[in-house]
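Take a look first, then read along.

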Amino acid sequence: MTIERTLAIIKPDAVAKGVAGQILTRIENASFKVLAAKMLQLAPEQARSFYGVHRNRPFYQSLCAFMTQGPCIAMVLEGENAIQRWRDLMGATDFTKAAPGTIRKDFASSIEANAVHGSDSPASAVVEIAFFFSSLEICPR
Ligand code: CMP
């Protein structure tokens with residue numbers, strides 16, 4: 001059993017649609033512990049930095065514009081195999097390929113406006129959590 005932490009983001013499209021509460025309910029029903037949460041609107045430079053790994057992809061500029069268009073909700077989730085389990089709960093990046101019952105299948109609007117984000121590895125989780133939260137903002141439970 002590996003207890004992990006992962007960064008989750010409810011993206012601007014999902015916040016704007018008013019489904020953040022439904023997404024949080026799915027997170028809690030899946031037995032994740034929410035150790036930290038905050039709503040914020042990313043500045044352009046912050047979005048470019050957070051998604052820097054994609055800087056050479058054709059969708060990078062559009063992705064950064066999308067992520068700054070309104071507030072998002074960043075969270076630290078903890079649980080057994082949290083990184084993979086959160087990715088499973090989110091579903092495939094492209095919502096048209098996401099499994100039934102996943103968050104993206106139910107709430108995404110496009111491959112870009114895909115409702116939620118999750119770290120893809122333990123190393124990214126460490127970097128992404130530190131991007132949004134100081135250690136004082138994370139509440140062990
Ligand atoms: P996310 O899991 O946050 O990681 C990178 C994001 O880039 C992804 O979700 C989508 O929002 C976006 N993305 C990935 N692939 C594409 C694509 N082909 N076209 C547009 N946006 C994409």
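The dialogue below goes from the ligand to the backbone and then to the helices.

Q: What kind of model is this, and how are residues numbered?
A: This is a predicted model, in which local features need pLDDT of at least 70 and side-chain atom pairs count only at pLDDT 80 or more, while totals for chains, interfaces and linings use all residues. Residues are numbered from 1 along each chain as its sequence is written, and side-chain values use heavy atoms, with hydrogens and water left out.

Q: Which residues surround the ligand?
A: A residue counts as near a molecule if one of its heavy atoms lies within 4 Å of it. Here the ligand has Lys11, Tyr51, His54, Phe59, Leu63, Thr93, Arg104, Ile111, Glu112, Asn114 and His117 around it.

Q: How does that shell divide by class?
A: Ala, Val, Leu, Ile, Met, Phe, Trp, Tyr, Cys and Pro count as nonpolar, Asp, Glu, Lys and Arg as charged, and the others, Gly among them, as polar. In this shell there are four nonpolar, four polar and three charged residues.

Q: Where does Asn81 lie, and what is its phi?
A: Helices (H or I, at least four residues) and strands (E, at least two) are DSSP runs, numbered from the N terminus. Asn81 belongs to the loop between β3 (72–80) and α5 (82–90). Its phi is near 45°, a positive value in a residue other than glycine.

Q: Is Ala115 buried or exposed?
A: Buried means under 20% relative accessible area, exposed over 50%, and partly exposed in between (1.4 Å probe, protein chains only). Ala115 has 0% relative accessibility, so Ala115 counts as buried. Ala115 also has a positive phi, about 75°, although it is not a glycine, and its place is the loop between α6 (103–107) and β4 (116–118). Asn81, by contrast, is partly exposed because its relative accessibility is 35%.

Q: What can be said of Ser124 and Phe132?
A: Ser124 is part of helix α7 (residues 122–132), and Phe132 lies in helix α7 too. Ser124 is buried because its relative accessible area is 17%, and its side chain makes a polar contact of 2.8 Å with that of Ser121. Phe132 is buried at 5%. From Phe132 to Phe50 there are 82 residues in sequence, and 9.5 Å in space between C-alpha atoms.

Q: How far apart are the C-alpha atoms of Leu136 and Glu112?
A: The two are 24 residues apart in sequence and 32 Å apart in space. Leu136 is in the segment after α7, and Leu136 is exposed because its relative accessible area is 81%.

Methods. A polar contact is a pair of N or O atoms within 3.5 Å; within protein, one must be able to donate a hydrogen and the other to accept it, and residues adjacent in sequence count only if both atoms are side-chain atoms.
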